[in-house]
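Reader: I would like to learn how to read some local features in a model. Can we take them one at a time?

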Amino acid sequence: MKQNLCFMDSFNLKQHLDSVYRYYPEGIRKPVIGITANVVDGNASLRNHYYEQVVNAGGVPMIIPSVSDTDTIVNILDRIDGLLLSGGGDYNPLWVGEEPSEKLGDVNPQRDLAELKITRLAYNRQIPMLGICRGCQTLAMALDGHVAQDLSERKGEGETTIKHSQNAPQCEPTHTVTILSGTMLSEIYNNVEKIAVNSFHHQAVDDAGKRFRISAMASDGVIEAIESSEHHAILGVQWHPEWLGEQGLPLFEWLVDEARLFMKAKDVHADILTLDTHCDTPMLFPQGIDFAVRDGRILVDMHKLDDGRQDAVTMAAYIPQDYDKSAFDYADGIFNKLEDIIEKNRLYVVKASNAAELYANKREGKHSIMFAIENGKALEGDISKVKYFADRGVVYITLCHNGDNDLCDSARGSQTWGGLSKFGKDVVREMNRCGVLVDLSHAAETTFYDALELSSVPIVCSHSSCRALCDHPRNLTDEQMKAMARKGGVCQITLYNGFLRNDGKASMSDVIAHLEHAIDVMGIDHVGIGTDYDGDGGVPGMADTSENIRLTVELLRRGYSKDDIAKIWGGNWLRVLAMAKG
C-alpha cells in the first residue's frame with residue numbers, strides 16, 4: 001500500500017510545486033544555451049542527447065527553430081548566452097559559389113540560411129559557440145573557411161584511410177583524433193594528446209580560414225576540430241560528443257562555462273557605464289562613411305557599439321602634424337559632421353560632455369559620443385579657441401601629436417621648448433578654467449612634468465601604454481605613472497600594436513598585461529581604456545568596438561569585481577572629468 005501511495009505522489013502537482021515554493025529563489029540562474037534544431041519533414045527536430053548534455057553541464061537548453069527572419073534571430077541572440085550548432089545534413093554548395101558534386105548528400109535548405117545567419121550574428125556579438133559535425137562546418141561556412149563536399153575532394157589532400165562514417169552505435173568511438181598542443185581543445189581535455197571519438201560524416205572542413213586554427217586531426221589528415229584564432233570562445237568538432245556521455249561532457253562544460261562568463265559580462269555592462277576615451281573614426285569620414293551601417297572600413301559604428309555593449313566613445317578630431325590648411329576649420333568641420341551623424345540617428349545616439357549626460361543617455365538606451373581634439377595645433381595660436389571648443393562640448397585636448405607644436409614638445413619631437421612653451425602654459429591654465437581635460441598622450445616627458453606641475457586639475461593620458469613592457473617614447477614610464485597617480489590622474493591603456501609589443505604583434509593578452517602593470521604601478525583608481533580604434537588601434541581579441549566586451553569577460557575570468565571593472569571602463573576617467581567641470 002505504501003508503494004502505491006508513493007507512486008501516486010509522483011502525479012501530485014501540488015506536492016511538486018510545494019518543493020519549489022518552499023525556497024527562494026525558486027531556481028538558480030544559469031546560462032541559456034540556444035541549440036539549433038534539425039528540420040525533418042518540415043518539423044523542428046532535435047536529439048535529446050544535445051539538451052541533456054547541456055543540462056548535465058549546468059546550462060539551460062533553448063531549442064532554436066530554423067527561422068531566417070532577422071528580427072527573430074536578433075531577439076533570440078539577445079536572450080541566449082551561448083550557441084550550440086547541432087549536426088545534420090549537407091550544405092548547399094551554392095552558398096560558396098560551387099556546383100554540386102555527385103558525392104553531395106541531402107541538403108537541407110530550411111537550415112542553411114537560418115544557421116549561417118545566426119552564426120555570423122552570434123560571432124559579431126561575441127556569443128560563445130560550439131559546433132558539432134554539421135555545426136563545425138557551419139562555423140567554417142559562415143566565417144570564411146571552406147568545407148569539402150566530400151572527404152575525397154579535400155583541397156590538395158590525399159585519400160582518406162580511415163572510416164569517417166561509422167556503422168557502430170552512436171555511443172561507440174571508432175577512431176582517434178590527435179589534439180594539437182597549446183589549443184583550447186587541449187586545455188579542455190587536460191593536455192591529452194589523443195582521444196577516441198565517434199564519426200558520422202562524409203564532409204569536413206578543409207580550410208579553416210583566417211578566423212580559425214586547427215585544433216585536432218585524424219590520422220589520415222582530416223580536420224577534426226577548429227577553434228577561434230581571434231581569442232573568441234568558438235570551437236567546432238567533427239564528431240558527436242553528445243553521444244559520448246562523460247567523455248563528451250567536457251565540451252559542453254566548456255561551452256556552459258564560457259556562456260556563464262559572457263552572461264556575467266553582459267550583466268556588468270548593463271549595470272556600469274562603459275566609455276572608450278579615444279578613437280579616430282572621424283579621420284575616415286571623407287570616405288563616405290555611414291555611421292548607422294555596419295561598415296568594414298571603420299572599427300566603430302552603431303552596430304559594433306551594440307555588439308560590444310559599449311555605452312560611449314570619445315571621438316577625436318585628429319590634426320596631422322603636417323596639415324597645411326586651417327587646423328581650426330578642420331576640427332570644427334569634424335564636430336559639424338559628428339553633430340550631423342547624431343541628429344540623423346538621434347533615436348539611438350546622443351552627444352555628451354559630462355558624466356550626468358552619459359548616464360542619462362544610458363538610462364534612455366542610447367549610445368553617447370563625446371568630442372575631443374588630438375593636437376593643440378587646432379587652436380592656431382589663439383587661446384580664445386579653447387573656450388570655443390569647450391562650448392562645442394570638447395572634453396579634452398591632446399596638447400600635441402607626433403611633433404613639437406606651438407604649445408609643447410612631443411615625444412617624437414626635437415625639444416623645441418624644453419617642455420611647455422609660454423603659450424602652452426597659458427593654454428593649460430585656460431583649459432583648467434574652461435573645464436577641458438589636459439591630455440598628455442604623445443607629449444614629451446618634459447611636457448608631461450610641466451603640465452603635471454602646472455595644472456590645477458589632474459592630467460590624463462587618453463591613449464597610452466607602459467614603457468616598462470614596450471620601450472617606446474610614446475609610452476609612460478613607471479615614474480610618470482606614479483607621479484600622475486599621486487596627483488589623481490588617469491592613464492588609459494591603448495590598443496596600438498606598436499605601443500604594446502616591440503615586435504608590433506600584440507593581442508588582447510598584451511592589452512591585459514599593460515593594464516595590469518599600470519594597476520600594479522598606479523592602483524586600480526587610475527587606469528582605463530582608450531582604444532585608438534581607426535587610428536591603427538586594435539588587436540586580435542579586441543579588433544573593433546564589437547569585441548570590447550571580451551575585455552570584460554577576461555577581467556571577470558581573472559577575478560576582477562564589478563566595481564573594479566566599472567573604474568577601468570570609464571569610472572576613473574569620469575571622476576577626473578567631474579573635477580575639471582567643477
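Reader: Which residue lies over the face of Phe328?

Author: First, the ground rules. This is a predicted model, where local features need pLDDT of at least 70, side-chain atom pairs count only at pLDDT 80 or more, and totals for chains, interfaces and linings use all residues. Residues are numbered from 1 along each chain as its sequence is written, and side-chain values use heavy atoms, with hydrogens and water left out. A charge sits over a ring if NZ of Lys or CZ of Arg is within 6 Å of the ring centre and within 35 degrees of the ring normal. Here Lys385 lies over the face of Phe328, at 4.9 Å from the ring centre. Arg134 is another case: its charged end sits over the ring of Tyr91, 4.0 Å from the centre.

Reader: How many aromatic pairs are there?

Author: The general idea comes first. Two numbers describe a pair of aromatic rings: the distance of the centres and the angle of the planes. Rings of Phe, Tyr and Trp (its six-membered ring) pair if their centres lie within 6.5 Å; planes under 30 degrees apart count as stacked, over 60 as edge-to-face and the rest as tilted. The count by this rule is nine aromatic pairs. Take Tyr323 and Tyr330: their ring centres are 5.1 Å apart and their planes stand at 50 degrees, so the pair is tilted. Tyr323 is partly exposed at 22% relative accessibility. Tyr330 is also partly exposed, with a relative accessible area of 22%. On this scale, buried means under 20% relative accessible area, exposed over 50%, and partly exposed in between (1.4 Å probe, protein chains only).

Reader: Are Phe335 and Phe371 stacked or tilted, and why?

Author: The ring centres of Phe335 and Phe371 are 5.0 Å apart and the planes are at 10 degrees, so this pair is stacked. Phe335 lies in helix α10 (residues 327–344) and Phe371 in strand β17 (residues 367–374), so the pair ties together parts that are 36 residues apart in sequence. Helices (H or I, at least four residues) and strands (E, at least two) are DSSP runs, numbered from the N terminus. Phe335 and Phe371 are both buried. Ring pairs also link Phe328, Phe335, Phe371, Tyr388 and Phe389 into a cluster.

Reader: At what angle do the axes of α3 and α8 cross?

Author: Axes are lines fitted to C-alpha atoms, for helices over the stretch in contact, and angles run from 0 to 180 degrees between N-to-C directions. Helix α3 (residues 48–56) and helix α8 (residues 245–271) have axes that come within 8 Å and cross at roughly 70 degrees. That makes α3 roughly perpendicular to α8 (under 35 degrees is roughly parallel, over 145 roughly antiparallel, 65 to 115 roughly perpendicular, the rest oblique). Contact means heavy atoms within 4.5 Å. Tyr50, Gln53, Val54 and Asn56 of α3 make the contact with Gly245, Gly248, Leu249, Phe252 and Val256 of α8.

Reader: How many residues of α18 are buried?

Author: Nine of its ten residues are buried, so α18 is mostly covered. Among them are Arg550 and Glu554. The cover includes α8, α17 (508–522), β22 and α19 (562–581). Just after α18, Gly559 takes a positive phi of about 95 degrees.

Reader: Where does Asp534 lie, and is Asp534 buried or exposed?

Author: Asp534 lies in the loop between β22 (527–529) and α18 (548–557). Asp534 is buried, with a relative accessible area of 10%. Phi of Asp534 is near 65 degrees, a positive value in a residue other than glycine.
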